[in-house]
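User: I would like to go through this structure and ask, term by term, what stands behind each description.

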Amino acid sequence: MGGTWRPTEWAAPLAPAGRDGFGVFFRVPLAEGAKNVSYIIHRGDEKDLPSDQALDLTASGHEVWRVAAAEGHVLPQPAARGADADLAKAAAHWIDRSTVAWKVQPSASLRHSLAFSVSGDIAVAKGDLTGSHRVIRLNPGTLTDAQKAKWPHLAGHAAFTVDPRDADLVAEALRGQVVAVERDASGALLAATGVQIPGVLDDVYAKAAAAGLGPDASGALPRLSVWAPTARKVELALYRGSTGESRTVHAMRRDDATGVWSVRGLPSWKGRYYTFLVTVFSPAAGKVVTNEVTDPYSVSLAADSVRSQLVDLSDRSLRPDGWTALAKPPAVPQERASVYELHVRDFSASDATVPAGRRGTYAAFGGDSAGMRELRSLAADGLTHVHLLPVFDIATIPEKKGDRAEPDCDPAELAALPADSERQQECVAKTAAKDGFNWGYDPRHYTVPEGSYASEPDGSARIREFRGMVAGLNGAGLRVVMDVVYNHTHAAGQDPTSVLDRIVPGYYHRLLDDGAVATSTCCANTAPEHTMMGRLVVDSIVTWAKQYKVDGFRFDLMGHHPKTNILAVRAALDALTVEKDGVDGKSVILYGEGWNFGEVADGARFEQATQANLAGTGIGTFSDRLRDAVRGGGPFDADPRVQGFGSGLAGAPNGSPANGSAEQQRARLLAYQDLVKLGLAGNLRDYRFTATSGREVKGSEVDYNGSPAGYAAAPGETVTYVDAHDNETLFDALAYKLPQATTMADRVRMQSLSLAASVLAQGTAFVHAGSERLRSKSLDRNSYDSGDWFNRLLWDCAQGNGFGAGLPPKADNEDKWPYARPLLADPALRPDCTAIGAARARYGELLKIRSSSPVFGLGSLAEVQKRLSFPTGGAAETPGVVTVHLDASGLDPKWKSITVVFNATPQEQPQTVAALSGGQVTLHPVQSSGDDAVVKRSGFDPATGTLTVPARTVAVFVQS
């Protein structure tokens, strides 16, 4: 190894980067064209090293370490000073007042610190920091086991501790720009990055978790409080009206222990509109800004959410008649609940029996419209809850009617177009962003009713009318569930619709390792793992439960919440009592989407509120297992014709190559049957039954796409469903999957059979509004912004079911258009009143059967294991037929047992249940007295215990 090295040969000294037994290593980049060799030199030693003393560090994962050149090689120049400085990113994490985590390689010769500037003017120029700033020294440290457990995604980062001599600078630094800095021994800047501060804010301002927040107008002198610990100044702007510039500005006082700013006002402030003027360093803007922003704890707003309004929710003027003594339908445990998922606008936008001015509003949930008659009828059949898609303040719907741009082609014009035309979706797409329709998963303010559904979006009318809607649904015999979306906000940073991030920048949203806002949920992900975001979730839920008497909450993408956050919601609700709060909080049901994905997947940041993790909590999650088994395939299949148990896999192949060979179809059908059986048993992880293999298995041993199919500890923790607002409606899925020649009568039977798998299962039964009436969205798989036309909910069967309304919107469906065109053009696939009426009657019968016996709502694994079995299951079971036997002895005073046979095949099927031999078994009275002539052909042979069930039929037998 030849050659020597002297520091004088370099334009700038190298930064020492580590030691070994030989001396000091220096880190420099690999020269272009240089060989991948490592070189070592001793400090102060200019002698050549023998080649056998060279150390190969090329596998270290860092740059090649080299400090001397072999003969014939050119030693590269060192990196430019400050080359790793990027203040637009935030790769350092200040996790508590004493600790900073940063993915760098510390050494004794490097110096690390935090530079901070209250004026927010730190920048990088000519390889060093500029601007006025002070420094907090950092010492090398290690993350404790507790810190690694709390911040698992940072466990591999280097740790630094705040020098005790600078501890008194922490609070001041947090109210300005903070930059993490790495320098060499000479003071040369090597790296600089912004700093993520949620952890240290939670530590320094821990007392804020119990501080008063939001508007309080209950006393004589109203008070307004906002948490803004990083702000330099916060003022209250008090306006004369919801519009106009006339205002007064009032200083707010900071509590240094909590970071809360507050102001006490005059009685005349009540009813006034207000905003906060927050002066704060914004990483998104790269400077100190003064943001005019609404209150994240707002309870009332001006139209389009431009200002908050100071109101007292207990004010009598905001209560509809009878609100204080509102009579609610009886509460049911979660395993007995049956839920109807409904969008406020869908409910009445196309209902001619609702006065024109009330269509699409809260007010439509009163009176005697066709929709209300249908809801009362469903309640009489046994429906317990209406689940409302998001009804909090939505960022993407213009709240003033005059600001909306509805499609310029009227419904009559659209209806006259060919059923497979592209023109309908073209017309809708032109105004989609500005019309009055959106599903509403775009939260702006979490605790205010959406203004576009109110008669007047300005001010408190929406409060009274929302309460009137709750009262109307309760009066119809239905309890109310709210769909809540705390996992993301519509926007972050300096966007005008961003609220949280313009008050405490970088806190309320989950940041990736480089400081970018995570968007795995579609939008700016929030971070409920941070104390004050988690508290906002709990406070908001409690407000809806107490002030609006909401009976349940469905959490969107609940797996992006920590389990602890959802348990805190449960505990807060359980603490509400009728005597103290006017609400029985324990009767409020909780469920959500327990999906596992994104930057939090597999516990990367915390224990998530996912399907498996919530076992034993009593909180429900949607089971995709039963859904996929019944429908077939999955929601993201390239070919929508993949068949399942309820869509023709049992004896009605549609010819799609995606279904595989006949042998593969049979194997998949049997695998689906195990998922169906497990779903009927509540998807319990420890429930034991005989699989189609003939082997006894536990639910957790059944496979679902490589994961355990069974995950729940009790039936109430499972929400069983076969369709929802996401993806195609059940009718549309069957349109794709059943052979096109399938008669409408058979389509109705398969629709009913598929719904029965949910309604007659253990756990919460869930259905998308209109599926009981064959609702179609003309094959639209993602109708979130498809306008009223594709989302019509038609109560008048003469108008059809929505199928054949044109090709679904191009943006999310164009790849399916080749499959959709021939179906939409087929008039035989458009149901008439006879078909729609039959489907509605069958669904009502299923609800009545579910309500007729407690065996359809067992509350524990022990009860399910004791009472629920699959007597014909095993290696010899019939593909396409599932028989479930429910032992009702000692539980149901009417019957000894109930047996349900799901025959998904095109042939009549016998099923022998030995336990019924010699018994007195008849068709359930709901079915024997119904108008379905086919199910009445079901029979029972007492000599053998054999039940005979017609094709494509669900038959329910009772034993007296």
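User: In the hairpin of β17 and β18, which residue takes a positive phi?

Analyst: Gly-259 does, with a phi near 80°, in a hairpin that has four residues between its strands. This is a predicted model, in which local features need pLDDT of at least 70 and side-chain atom pairs count only at pLDDT 80 or more, while totals for chains, interfaces and linings use all residues. Residues are numbered from 1 along each chain as its sequence is written, and side-chain values use heavy atoms, with hydrogens and water left out.

User: What makes β17 and β18 paired strands?

Analyst: Strands are DSSP runs of E with at least two residues, helices are runs of H or I with at least four, and both are numbered from the N terminus. Two strands pair if DSSP finds at least two bridges between them; three bridges join β17 (residues 253-255) to β18, and the two run antiparallel. Within this pair, Arg-253 has Ser-262 of β18 as its bridge partner. Strand β14 (residues 223-227) is also joined to β18, by five bridges and again antiparallel, with Trp-227 opposite Val-260.

User: Why is β18 called largely enclosed?

Analyst: Buried means under 20% relative accessible area, exposed means over 50%, and partly exposed lies in between (1.4 Å probe, protein chains only). Four of the five residues of β18 (residues 260-264) are buried, so the strand is largely enclosed by the rest of the structure.

User: How do you know that β37 is covered on both faces?

Analyst: Thr-764, Phe-766 and His-768 on one side are buried, and so are Ala-765 and Val-767 on the other. Since five of the five residues of β37 (residues 764-768) are buried, this strand too is largely enclosed by the rest of the structure.

User: Which strands are joined to β37 by bridges?

Analyst: Strand β22 (residues 338-342) runs parallel to β37 and is joined to it by four bridges, while strand β36 (residues 718-720), also parallel to β37, is joined to it by two. Ala-765 is the bridge partner of Ser-338, and Thr-720 likewise stands opposite Ala-765.

User: Why are α13 and α14 called oblique?

Analyst: Axes are lines fitted to C-alpha atoms, for helices over the stretch in contact, and angles run from 0 to 180 degrees between N-to-C directions. Angles under 35 degrees count as roughly parallel, over 145 as roughly antiparallel, 65 to 115 as roughly perpendicular and the rest as oblique. Helix α13 (residues 624-631) and helix α14 (residues 662-680) pack at about 135°, with axes 8 Å apart, and α13 and α14 are therefore oblique to each other.

User: Which residues of α13 and α14 meet?

Analyst: Taking contact as heavy atoms within 4.5 Å, Arg-625, Leu-626, Asp-628, Ala-629 and Val-630 in α13 meet Tyr-672, Leu-675, Val-676 and Gly-679 in α14.

User: What makes α13 mostly covered, and what follows this helix?

Analyst: Eight of the eight residues of α13 are buried, among them Asp-624, Arg-627 and Arg-631. The helix is followed by Gly-632, whose phi is positive, near 100°.
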